[in-house]
Amino acid sequence: MSVQSPEQVPRTTGAAAKVSVAQVLVYELRVRDAMSKPPITAAPTDSLRKIQHLMKQHKFSGVPITPNGNLVGLISIEDIITALDHGYINDPAEKHMTTNLVTLRDHYSLLRAVAEFDRHGFGRFPVLDTSDRLVGMITRGDITTCLMHHLEKRAEEALAHEAALLAARQADEEAHRVVIRAPVRTGDYDSAGKISQRMRQVLRERAIDPEIRRRAAVVAYEAETNIIIHSLGGEIIVTIDPDKVVIEAVDVGPGIENVEQAMQEGWSTAGRLPRELGFGAGMGLPNIKRCSDHLDIQTSSEHGTRLRSEIRLRTAKETA
Ligand SMILES: Nc1ncnc2c1ncn2[C@@H]1O[C@H](COP(=O)(O)OP(=O)(O)OP(=O)(O)O)[C@@H](O)[C@H]1O
Ligand SMILES: [Mg+2]
C-alpha cells in the first residue's frame, strides 16, 4: 500500500489541492482504530505447538509473547514453519522468539503506520500504548479493512447529506409554491382572463420581470380561451414556483385534429360567435409557443387535449 500525505499532494497553481477522502482518512485515523484487540498472547514458557494452535484458532500470523502484559518477543507463522521443518515444535517460545522488535504506538496515524510497513517490510506490528503495554496487533490487512469501513461510512454520510439537502430544497420549493386551479366552462366568455389575472398578481408580488409576466399572461389567457371556444370544458392549473411557472390546460375533448396545422398562424376553426367576439384569428397556439420556454401538447379525440407550458422566472432585478 502506498499513500500520499495531504502535504505531498501536488498543488495546482493558485487552486487548493484536491485531497481524496482516503488520504484524509489515513491522516485522521489512528493505529488504535485499525488494530485487532485485545491481543491474543502467549507466555514465554508456552510451546511452539501451543502457539501454532492459537494461530490456527484465531487465524493470526503472529503471536506476541508477554509475561504480565509486557512485550518480550514475537512468534511468527514463519517461526512455526521453521520449527516444524527442524523438529523443535515442542520447544518453549522463549527459545526461538524474535526479541528485537519494532513496535507501533496506538496513537500513530495510519499514514505513519503504512510508512512503517513500507520501511520494515514486516507483515505485522505489535502495538503499545504510552505506558509501553501491549494493546493490540496490526497488519496491512487491518488497515485496508479499517479504511474500507470508514470510506463506506463516509459515502453513506454523504448520501444522507445529499438526500437531506434535496428534501430541504423540495420543502422550500413547496413552501413557496402557489397553485391556482380553476374549472373552465365551454362558452363562458365572461370569465376569460380571470385565471391569468390571479397568476399575474402573484408574479407581480414576487417582482418577476414584467416581460416574463406578460409572456405567462399570454399563455394562460390563450390556453383558457381555447378551452372556452374549442372544447367541451376543462380546467387550468397554474403552478408558480420560485424559479418557474407551469401552465396546464386540460380539457375533455374533442381534441385537435392536426396539431401541426393548428400551430400555424391564422389557422382557425372558430365559429361565428367567437369570431364576432373577437376570437378566431388563429394566433393563440403560435403565441403560446412563442411565449413558452417549453411546450408540450397531448391530444386525442378520446382523451381531449392536455397542454403544458413552462416558463422560467427571473425577477426584474435579476434581468437588470
Ligand atoms: N383545446 C382545444 N380543443 C380542440 N381544438 C383546439 C383546442 N385548442 C385549439 N384548437 C384548434 O386549434 C386551432 C388553432 O388554435 P389557436 O388558438 O391558434 O387559434 P384560435 O383559437 O382558433 O384563434 P385565436 O386563438 O387567435 O382566437 C383552433 O381553431 C382549433 O381548431
Ligand atoms: Mg385560441
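Glu224 is buried yet forms no salt bridge; Lys194, the nearest side chain of opposite charge, lies 8.1 Å away. Buried denotes under 20% relative accessible area, with exposed over 50% and partly exposed in between (1.4 Å probe, protein chains only). A salt bridge requires a side-chain nitrogen of Lys or Arg within 4 Å of a carboxyl oxygen of Asp or Glu. Lys and Arg count as positive, Asp and Glu as negative; His and the chain ends are not counted. The model is predicted: local features need pLDDT of at least 70 and side-chain atom pairs pLDDT 80 or more, whereas totals for chains, interfaces and linings use all residues. Residues are numbered from 1 along each chain as its sequence is written, chains are lettered from A and ligands numbered from 1 in the order written, and side-chain values use heavy atoms, without hydrogens and water.

Glu224 is located in helix α8. Helices (H or I, at least four residues) and strands (E, at least two) are DSSP runs numbered from the N terminus. Not counting residues up to four places away in sequence, Glu224 touches Val184, Ser191, Ala192, Gly193, Lys194, Ile195 and Ile236. Contact means heavy atoms within 4.5 Å.

An open, antiparallel sheet contains 5 strands in the order β6-β7-β8-β10-β9. Pairing requires at least two DSSP bridges between two strands. β6 (178–184) and β9 (294–300) are the edge strands. The twist averages 10° from one strand to the next. Helix α8 (residues 210–230) packs on this sheet and touches β6, β7 (234–240), β8 (244–251) and β10; its direction makes about 5° with that of β8. Axes are lines fitted to C-alpha atoms, for helices over the stretch in contact; angles run from 0 to 180 degrees between N-to-C directions. β9 and β10 (residues 304–312) pair over 7 bridges. His294 stands opposite Glu310 in β10.

The largest nonpolar core has 35 residues; Met199, Ile236, Val238, Ile240, Val245 and Ile247 touch the most other members. Such a core joins buried Ala, Val, Leu, Ile, Met, Phe, Trp, Tyr and Cys residues through side-chain atoms within 4.5 Å. Helix α8 gives the most to this core, with 8 residues. A second, separate core of 19 residues includes Leu111, Val114, Val127 and Leu147.

In helix α5 (residues 110–120), the buried residues include Leu111, Val114 and Phe117.
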